[in-house]
Amino acid sequence: MNIKSPLRLTAATAVLLALTGCASFSGDAGMGAIDPLVQARTGAPARTLKTEADRRALDELLQARLAQPLSADGAVEIALLNNRTLQASYWELGIAEADLVQAGRLQNPAFGYQHMRGGGDVSIERTLTFNLVSLITAPLASRIEGRQFEQTRQQVAAEAVQVAADTRRAWVEAVAATQAVEYARQVAGAAEASAELGQRMRQAGNWSAYDQAREQAFYAEAMADVARATQAATAAREHLTRLLGLWGTQAQYRLPERLPELPAAPRDIADVEQRAVRERLDVQAANLATQRTASALGLSRATRFVNVLELGAVRESDGGAKARGYEVTLEIPLFDWGGARTARAEAVYMQAVNRLAATATDARSAARESYQAYRSAYDVARHYRDVVIPLRKKLSDETLLRYNGMLLSTFELLADAREQRSAVNAYVGALKDFWLAESSLETALGGRLPAVVPPSQQGATQ
Amino acid sequence: MTDSMKRRSFLQGAALLGAGMVSKAGAATLPEAPVQGSAATAAPLVPPNGRPYNPVVTLNGWSLPWRMKDGVKEFHLVAEPVVRELAPGMHANLWGYNGQSPGPTIEVVEGDRVRIFVTNKLPEHTSVHWHGQILPNGMDGVSGVTQPSIQPGKTFVYEFVAKHAGTFMYHPHADEMAQMAMGMMGFWVTHPKDPRQHAVDRDFVFLLSAYDIEPGSYTPKVNTMLDFNLWTFNSRVFPAIDPMVVRQGERVRIRAGNLTMTNHPLHVHGHTFEVTGTDGGWVRPSARWPEVTTDVAVGQMRAIEFVADNPGDWAFHCHKSHHTMNAMGHDVPTLIGVDHRGVAEKINKLVPGYMVMGEKGGAMGGMRMPLPENTLPMMTGTGQFGEIEMGGMFTLLKVREGLARGDYRDPGHYRHPKGTVAYEWTGEAPPAPSAPGGKAGRADGALDVRRGGASTGHEGH
Ligand SMILES: [Cu+2]
């Protein structure tokens, strides 16, 4: 056991005194530390809005982005800057940094002056009190606050990455929901034509009330579907709007009419597990926690006989007793309290180690699962695009030929038009699932994946 | 080829594909089995030997040559899958005999001893029933009852005396529902011993058959019972059924047998006729009465006779109007009188290429729109005055002056003497009266049912 002598302690604190004096504010509330973390994982910067100039810059950016239909990347960019919950978290970083800086600073020495008059005697007592405890605990506090800051940094970065992923998903949902409205309208259009023709059939005396009612019922239901789809689209859009932190006229932003096309090929990622373990912030956080507890363990071992809490409680120095000297007394516990503390720290450490292992295992599993889901979603979407939709088209062509040959009626033609649109809608659903799966994959792998070559440029690069 | 085969002449490029059906070893004892590849009408088969007779003309078909062996007429039928052209643009996977469906017409003379070799090249067993013949029970061709069925690859021999002159047919009596739905049938004529008896100048024969071939497919649906979509004379549909060409003043006989599952009232224009024969024999002259339509019930045969004294192009058809149509949708609702304005544009947005049809009637007004593969327009054919709008069991009786005897070539459109064609009234006319209530509930003008329409907006389709 290493028991520090008061002398050595004093020497050490003197050195630390010089060192901790360096801790100072970064000037950007610590965002400089997380911006690269977030950018690497979302493709967009994270910044705190502090000044009017920042706000004006953001307004300009919003104006530029919202002048065009909002892309998924654009939505992420806006959310990272304009989502106020996220901004609040960014300030969390400022708070942590302030704590860190504060911890690194020694308490100011206090100068006391006591003038006492009693029994005709006048005693003047001057004391210079210096918080020795803080001197001793400064490196510890600084280290703890340093860890705290690191942890906050991880948390804020993770939150930003989460908001980015949520925004990307909300964007996909909102665009898909808009497409679903278009689909519902087209189906209703076909139903409307059927109902109108049915009405004319009835007027001409060619159809019964039964036949007409059947067509009208279908149209009425189709209109209800349009209303439902519209409501769903509104909800999806508002979810996105909330994430973007937009309101007022800015909330009238436009979205693209369609989801991006399916890439020519799915991503082929050989090292999903390694990538997850390397990039994921939760793994990194667990790793940091392990390191933190490890150093805490080391510290506990080193200071097992120093009751830091007790020392911290000894606030008042009795300057009256000895005016010319200072004496530091350390309580040395005779019972095995420090040993218990070490055991606890060891347990905490082992807990952290296992949590890290569990987090890494989960991350690997999630990476594999997300990657499989992503590939399946790609295959399903491609199946719809390359097989189902062409077959539906073929069916429609053949239906029209049969109509031409007076083998089928207009009503069957319209029913087929509805079915064809239903297939297109299913494709949009599969495409939506694909883009959501991609977003989930990115989340599972800890960040934005490199862009896949779009289908139009495929030929040029191969 | 036999000499008789070489002497045969054909109309419209008909050609025999040659023999060689059986093995060389078998050829010593089996008669040749000629094969016909063309769906054109073959010229009458003048008997090269045996008793003389006046041969018949099989519409879009042919007669089977025979060989005489020890005074017996030997024929060889080969039952086999065939591809029949129902009309240009449509082929059917059928089963038939000697390359065609229906099989070749067999012509014999009253009292002939006939030996028919039947080789089965179908994937399943078969038999041949000689419909209407009076023969020994064991030759009647009912598998299971009078004989074991003919297994694939086997050859059976039928032998009997054609006792009675008349109009007959042959068809399987083994899995006959499927086999007749697939086109297994053929005509049989037993001519009278005396060629002068019942003699006519032209003697046309054909079988009525019906198929249900889904547009875009090739093989009939053998389980269809009544809702057929192709009604045929000898497995042909108008406009691909050859016309019956006759010289003015000739005595004409038309014989038809019905192997569909419904009756067909056959109707001839411009002439009256008498039913002179059934599959039971000749009708006594005292029992005949004048007709312009005779109903041929299921499984029946009718022979009608008349003198073609009226020149022109005369329609000859089944009088069930759906039977003079080709493939059509039987569940398509009636659109007559339905105003499509506004709706058509909406539909066109949803279904590019959509054209309004039927709102002024069933006629397509000369529209020629793309159809599914291997099917035919519902109504088709063009005459000298426009669309004929017919299909199925429809052809023309073409009566012309001065044709050569035995000349069956299509003489083209009839040239009407001046002033004998219906014409448009161009004088002043008061507005035509309408039935009261005729326009009730309809948009104005929507009731103007015009056939063969002026095709407004249909050009180019
Ligand atoms: Cu009929």
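Predicted model: local features only at pLDDT ≥ 70, side-chain atom pairs only at ≥ 80, totals over all residues.
## A tour of chains A and B

Residues are numbered from 1 along each chain as its sequence is written, chains are lettered from A and ligands numbered from 1 in the order in which they are written, and side-chain values use heavy atoms, with hydrogens and water left out.

Stay with chain B and colour by burial. Of its 461 residues, 53% count as buried (under 20% relative accessible area; exposed is over 50%, partly exposed in between; 1.4 Å probe, protein chains only).

Now select the copper ion. Which residues hold it? The copper ion is coordinated by H264(B) through ND1, C318(B) through SG and H323(B) through ND1, at 2.0 Å. Donors here are N, O and S atoms within 2.8 Å of the metal (3.2 Å for Na, K and Ca), and since water is not among the atoms, sites may look incomplete. Along the sequence, the donor spacing reads H-x53-C-x4-H. H264(B) sits in strand β15 (residues 264-268) and C318(B) in strand β21 (residues 312-318) of chain B, so this pair ties together parts that are 54 residues apart in sequence. Both H264(B) and C318(B) are buried.

For a contrast, go to L226(B), in the loop between β11 (202-211) and β12 (230-233) of chain B. L226(B) is exposed, with a relative accessible area of 52%.

Next, show chain A, which has 13 helices and two strands. Of its 462 residues, 41% count as buried.

Select I34(A), L80(A), Y90(A), W171(A), L240(A), L244(A) and L259(A): of the 81 residues in the largest nonpolar core, these touch the most other members. Such a core is a set of buried Ala, Val, Leu, Ile, Met, Phe, Trp, Tyr and Cys residues joined through side-chain atoms within 4.5 Å. Helix α6 (residues 132-203) of chain A supplies the largest share of this core, 19 residues. Apart from this core lies another, of 30 residues, including L77(B), V109(B), L122(B) and Y170(B).

Leaving aside residues up to four places away in sequence, the residues L259(A) touches (heavy atoms within 4.5 Å) include W171(A), V172(A), Q179(A), K432(A) and W435(A).

Conventions. Helix = DSSP H or I, 4+ residues; strand = E, 2+ residues; numbered from the N terminus.
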